[in-house]
Amino acid sequence: MASDNALTLAAALSSGTVVLDGGMSNQLEAAGHDLSDTLWSARLLADRPEAIVEAHLAYYEAGADVAITSSYQATFEGFAGRGIPRARVAELLGLSVELAREAARRAHAKGVTRPLWVAASVGPYGAMLADGSEYRGRYGLSVAELERFHRPRLEVLAAAAPDVIALETVPDTDEARALLRGVRGLGVQAWLSYSVAGDRTRAGQPLEDAFALAAEADEVVAVGVNCCAPEDVDGAVATAARVTGKPVVVYPNSGEAWDAGARAWTGGSTFTAAQVDGWERAGARLIGGCCRVGPEAITGISTALRPAA
């Protein structure tokens, strides 16, 4: 089902700043769901779809304008490892968009009056591997091979009519090229968001070169960074705005660090709503949070960006 918003997300970005949601996994875990297997939150598409609706609804009610679907780790290959056939996987990918739409309907029924959009999440190839390589890139695959991996999922998600496709947590420029090729001709707008360390992609390429790939892509309505430390955002926003001239998307982690060996988060949060003013001044127009950023933080961002709302 397509959005019933009169205003497209691209039009909204041209006139102001839009609030994204926070981390799906931490919201599901807070509700008591076990996400310890390799499919992560995507498993609940098949097992507990209502839990996903409730997670989206919590963010809409907290002040988010955009819900990012639970399809980040949902791939044909990943589900095949569980014996799930391609036709059923395609249904689950489409369902991820419909669940976010249902949350928007419920939010409006509960009194939320602003436009609400849905972004269909497409994670990197490494997310399917579930071995941490999504934060390294450089998988040993060509751009053409990566495009062949991503295109079928992109086609199914586009057919579900999200408002935008979120090409997110992209670790290197080869995968960005593949994803940008993959969205051509689908008739759905996209944003491109890298995972970064300092002023480089996770694979080590300069952000200037990485962002430049999206500068001339008509499908791309925003470019930026996500799943990074809040401290890495300032420089990235300025670079993305300067290189592309497009609205910038930013949704960092809480600032805690993931210990892959212990499978646990360590350290304290460094993310605060006070940071978003500077990001907005530098060109950020889509602002939210990623891992470990929950509804309370999204309310803080919404209040900071819409103090009179």
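At what angle do the axes of H6 and H8 cross? I started my notes with this pair, keeping in mind that the model is predicted.

**Entry 1: H6 and H8**

I looked up the two axes and found that they come within 8 Å and cross at roughly 50°. The crossing of H6 past H8 is right-handed. I then listed the contact residues: H6 brings Arg 86, Ala 90, Leu 93, Gly 94, Ser 96 and Val 97, and H8 brings Pro 152, Arg 153, Val 156 and Leu 157. Sorted by class, this contact holds six nonpolar, two polar and two charged residues.

**Entry 2: H4 and H6**

I turned to the contact of H6, residues 86–109, with H4, residues 49–62. Their axes cross at roughly 50° and come within 8 Å, which makes H4 oblique to H6. I noted the crossing of H4 and H6 as right-handed. On the H4 side I wrote down Pro 49, Glu 50, Ile 52, Val 53, His 56, Leu 57 and Tyr 60. On the H6 side the residues are Leu 95, Leu 99, Ala 100, Glu 102, Ala 103, Ala 104, Arg 106 and Ala 107. The residues where H4 meets H6 divide into eleven nonpolar, one polar and three charged.

**Entry 3: H8 and H9**

I looked next at H8, residues 143–159, against H9, residues 173–182. Here the axes come within 8 Å and the crossing angle is roughly 45°, and H8 and H9 are therefore oblique to each other. H8 passes H9 with right-handed crossing. From H8 I listed Val 143, Leu 146, Glu 147, His 150, Arg 151 and Leu 154. From H9 I listed Asp 174, Glu 175, Arg 177, Ala 178, Leu 179, Arg 181 and Gly 182. The class count for the contact of H8 with H9 is five nonpolar, two polar and six charged.

**Entry 4: a salt bridge**

How many salt bridges does the structure hold? I found 15. Glu 61 lies in helix H4 and Lys 110 in the loop between H6 and S3, so I marked the pair as a link between distant parts of the chain, 49 residues apart.

**Entry 5: the sheet**

I traced an open sheet of eight strands, in the order S1-S12-S9-S8-S5-S4-S3-S2, with parallel pairing. Which strands are at the edges? They are S1 and S2 (66–68), each of which pairs on one side only.

I checked the S1 end strand by strand. S1, residues 18–19, pairs with S12, residues 284–287, in the parallel sense over two bridges. Val 18 stands opposite Leu 286 in S12. S9, residues 248–251, also pairs with S12 in the parallel sense, over three bridges. In that pairing Val 248 stands opposite Ala 284.

I then went to the S2 end. S2 pairs with S3, residues 117–122, in the parallel sense over three bridges. I noted Val 66 opposite Trp 117 in S3.

Key:
Residues are numbered from 1 along each chain as its sequence is written. This is a predicted model: local features need pLDDT of at least 70, side-chain atom pairs count only at pLDDT 80 or more; totals for chains, interfaces and linings use all residues. Side-chain values use heavy atoms; hydrogens and water are left out. Two strands pair if DSSP finds at least two bridges between them. Helices (H or I, at least four residues) and strands (E, at least two) are DSSP runs, numbered from the N terminus. Axes are lines fitted to C-alpha atoms, for helices over the stretch in contact, and angles run from 0 to 180 degrees between N-to-C directions. Angles under 35 degrees count as roughly parallel, over 145 as roughly antiparallel, 65 to 115 as roughly perpendicular and the rest as oblique. A crossing is left-handed if the near helix is turned anticlockwise from the far one by less than a right angle, and right-handed if clockwise. Contact means heavy atoms within 4.5 Å. Ala, Val, Leu, Ile, Met, Phe, Trp, Tyr, Cys and Pro count as nonpolar, Asp, Glu, Lys and Arg as charged, and the others, Gly among them, as polar. A salt bridge is a side-chain nitrogen of Lys or Arg within 4 Å of a carboxyl oxygen of Asp or Glu.
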